[in-house]
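Open the model in your viewer and keep the selection panel at hand. The tour goes stop by stop.

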Amino acid sequence: MTRFATPLLIASLAAAPLAAQEEEGPSLIEQGAQLFFKGLMEEMEPALDELEGMAQEMEPFLKKFSAEMGPALKELMGEVDDWSAYHPPEKLPNGDIIMRRKSAEEMDDSARKEPEEVEL
């Protein structure tokens, strides 16, 4: 019987402070975090509303772009196996846009390079 009584006594003593803490409400850290996030949301609300408005304005243009360019982009994606084998697109003075393939030497150099770390 004492084997069961001792763990029950310890569990009830440990639960008492937890019950008292729950009655008091959130801790100061929890209250601070709640206030921080509430303030953050209030500060971000105008920017989010503006972003939503911009998205609604751009929606027709994006749908049109997708309808017109989607098939061509899909075909291009099928032709290019490895995008890292190309330089970024360049716009020529006459308006043409080209993508130059990297040379074997450039491919070797980029394979040996470590990815650069970005600091935030």
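Buried means under 20% relative accessible area, exposed over 50%, and partly exposed in between, with a 1.4 Å probe and protein chains only. This is a predicted model: local features need pLDDT of at least 70, side-chain atom pairs count only at pLDDT 80 or more, and totals for chains, interfaces and linings use all residues. Residues are numbered from 1 along each chain as its sequence is written, and side-chain values use heavy atoms, without hydrogens and water.

**Stop 1: the whole chain**

Select everything. The protein has three helices and two strands. Helices (H or I, at least four residues) and strands (E, at least two) are DSSP runs, numbered from the N terminus. Their order from the N terminus is α-α-β-β-α. Of the 120 residues, 2% are buried. The accessible surface is about 11,500 Å², with 62% of it on carbon and sulfur atoms; areas come from the Shrake-Rupley method with a 1.4 Å probe, and for residues only the protein chains shown count as cover. Now consider contacts (heavy atoms within 4.5 Å). Among those between residues at least 6 apart in sequence, 3% join residues at least 24 apart.

**Stop 2: the nonpolar patch**

Select Phe36, Phe37, Leu40, Met41, Met44, Leu48, Leu51 and Met54. Together they make a nonpolar surface patch of about 800 Å². Patch residues have over 30% relative accessible area and no salt bridge; like charges are joined within 9 Å, nonpolar side chains (Val, Leu, Ile, Met, Phe, Trp, Tyr) within 5 Å. A salt bridge is a side-chain nitrogen of Lys or Arg within 4 Å of a carboxyl oxygen of Asp or Glu. Centre on Met54, in helix H2 (residues 28-79). Met54 is partly exposed, at 41% relative accessibility.

**Stop 3: the aromatic pairs**

How many aromatic pairs does the structure hold? Two. Rings of Phe, Tyr and Trp (its six-membered ring) pair if their centres lie within 6.5 Å; planes under 30 degrees apart are stacked, over 60 edge-to-face, the rest tilted. Phe36 and Phe37 are edge-to-face, because their planes stand at 70 degrees, with ring centres 5.2 Å apart. Both Phe36 and Phe37 are exposed. Next, select Trp83 and Tyr86. Their ring centres are 6.5 Å apart and their planes at 55 degrees, so this pair is tilted. Trp83 is partly exposed at 35%, whereas Tyr86 is buried at 17%.

**Stop 4: the loop**

Finish at Asn94, in the loop between strand E1 (90-91) and strand E2 (97-98). Asn94 counts as exposed, because its relative accessibility is 56%. Its side chain reaches the backbone nitrogen of Asp96 at 2.9 Å.

Conventions
A polar contact is a pair of N or O atoms within 3.5 Å; within protein, one must be able to donate a hydrogen and the other to accept it, and residues adjacent in sequence count only if both atoms are side-chain atoms.
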